[in-house]
Amino acid sequence: MSIDMLVYEQKEKQIRIAGLENGCLVEADVFTDGGVCEGDIFLGRITHKIELANGNVGYFVNIGDIKEAFVNAREVGLRDLEAAEGQDLVVQVCQAQRAEKGAKLCRALQFVGENLVYCPYRMDIEVSSKIEDKERAEALRKLVLEHTEGQEGWIIRTAAETCDAETLIEEMGVLRQKYEQVRVRARKAKAPERLCEKANPLYDFIAKNNTSLEKIVVNTRQFYEELGAKYGSDYEVELDKKPFDKYGVEEALLEALQPEIKLKSGGRIFIEETKACVAIDVDSGGGNTHVSHLNSEAAEEILKQIRLRNLSGKIVIDFAGSSEYRFLKSVIEQLEEGLKRDKVRATCFGLSRAGNVEIVRMRRRPSLRDLLTDVCATCQGTGRVEK
């Protein structure tokens, strides 16, 4: 699924972004302007230490959010954190707050640009695996290596494939400067304080979909003019007061919150998000369609819904018919191939002994349901009535 249109709508402090392919909604996200987002950097204050499994240790950190955030003492590439309550710490949000859980933090800061990611605590250069031209990937790696200063690391994003050398070198300098600004500000700041705020999330959506993107629609004149000046030669930029209504996004979002999805073959998919996992059931619905065709259709729809609803963590799927591997082999391969195109890292672990197909997808943002709805204060989410 390749996004060819981005629809941006801001009302007061709420920002909503939708990605469409051929007029159909395939991805959506909601942000709060000024709220805590993935990528934000804070000077936080440790409130208390907790013991984790296997002798590990973690810390709760006050970053000024509604809920305290969490950082693990053990982080790849860094020494284990040994801190005391009341100590200040520079941290970055690696997972935004969701439901009843606070944000997750990391200490290995990253500064994301359009073509590069600056990693001041790393000492290697990584190239996006989605740059399929190996010669071009190696040329980019050598270019970045030649302009690397001291001990620092870089990630070359997919968007860099069509970028010229001068632009990349200039971006390296800009990202280094951002890091230095954070260091200077951290020395003067009083925790909890935000040291660096992530740029408008629309820019990240543009960078992730630059190869397929054709059109951007926004509802604010200031942003329309800003985007027109920056991207007017690359994409069509349109201004509309109610773009979500015009392009059917509002209706599509309501459909994406429904637990039941009807398939063309007559079958149905039921999706239930729980605290432990996401449970998905495929039901034939009493139709006459062959089970293998039904499951194949369901697998394609499940891949779409995983991305649209931003389902993450453990995803357990109960397909229709027999749960033997020989009957589900083609469906598992279909899921594996589809997950390769997912911009969020996801792995299909095949068939469990209980006969369910299991997927684990990295949790980066809250699900669409968590972003758009709250638990009912009366029934606490059970949603059942007395007989």
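Mentor: Let's start with a cut-off: a residue counts as buried when its relative accessible area is under 20%. Keep in mind that this is a predicted model.

Trainee: Okay, then why is Asp240 called buried?

Mentor: Asp240 has 18% relative accessibility, and the limit is under 20%, so Asp240 counts as buried.

Trainee: Where does Asp240 lie, and what is Asp240 in contact with?

Mentor: Look in the loop between β15 (236-239) and α5 (243-246). Leaving aside neighbours within four places in sequence, Asp240 is in contact with Val217, Val218, Asn219 and Lys246.

Trainee: On to the rings. Why is the pair of Phe111 and Tyr118 called tilted?

Mentor: Their centres are 6.4 Å apart, and rings pair if the centres lie within 6.5 Å. The planes stand at 40°; under 30 degrees would be stacked and over 60 edge-to-face, so this pair is tilted. Phe111 and Tyr118 are both buried.

Trainee: And what makes Phe111 and Tyr179 edge-to-face?

Mentor: Here the centres are 5.8 Å apart and the planes are at 65°. The mark for edge-to-face is over 60, so that is the label for this pair. The pair links distant parts of the chain, with Phe111 in strand β9 and Tyr179 in helix α2 (residues 165-188), 68 residues apart.

Trainee: How do you know that β9 and β10 pair?

Mentor: At least two bridges are needed, and 2 bridges join β9 (residues 111-112) to β10, antiparallel. So β9 and β10 make a pair. Phe111 stands opposite Tyr118 there, and a hairpin of 3 residues joins β9 to β10. On β10 (residues 116-119), Leu116 and Tyr118 point one way, Val117 and Cys119 the other, and all are buried.

Trainee: Which strand pairs with β10 over 4 bridges?

Mentor: That's β12 (residues 153-156), again in the antiparallel sense. Gly153 in β12 is the bridge partner of Cys119.

Trainee: Now the open sheet of 6 strands. What makes β16 and β20 edge strands?

Mentor: The order is β16-β17-β18-β19-β21-β20, with mixed pairing. β16 (260-262) and β20 (346-351) each have a single partner strand, so one side of each is left without a neighbour in the sheet. On average, neighbouring strands of this sheet are turned by 20° against each other, direction ignored.

Trainee: What joins β19 to β21, and which helix lies across β16?

Mentor: 5 bridges join β19 (residues 313-318) to β21 (residues 357-361), running antiparallel, and in β21 Val357 is the bridge partner of Ile317. Helix α7 (residues 291-309) lies across β16, β17, β18, β19 and β21, at about 150° to β18. Helix α8 (residues 325-339) packs on the sheet too, touching β19, β20 and β21.

Trainee: Which residues have the most contacts inside the largest nonpolar core?

Mentor: Ile317, Phe319 and Leu335, in a core of 27 residues. The largest share, 6 residues, comes from α7. Leu335 touches several residues, including Ala299, Leu303, Ile317 and Phe319, not counting those up to four places away in sequence.

Technical notes: Residues are numbered from 1 along each chain as its sequence is written. This is a predicted model: local features need pLDDT of at least 70, side-chain atom pairs count only at pLDDT 80 or more; totals for chains, interfaces and linings use all residues. Side-chain values use heavy atoms; hydrogens and water are left out. Buried means under 20% relative accessible area, exposed over 50%, partly exposed in between (1.4 Å probe, protein chains only). Axes are lines fitted to C-alpha atoms, for helices over the stretch in contact, and angles run from 0 to 180 degrees between N-to-C directions. Contact means heavy atoms within 4.5 Å. A nonpolar core is a set of buried Ala, Val, Leu, Ile, Met, Phe, Trp, Tyr and Cys residues joined through side-chain atoms within 4.5 Å. Rings of Phe, Tyr and Trp (its six-membered ring) pair if their centres lie within 6.5 Å; planes under 30 degrees apart count as stacked, over 60 as edge-to-face and the rest as tilted.
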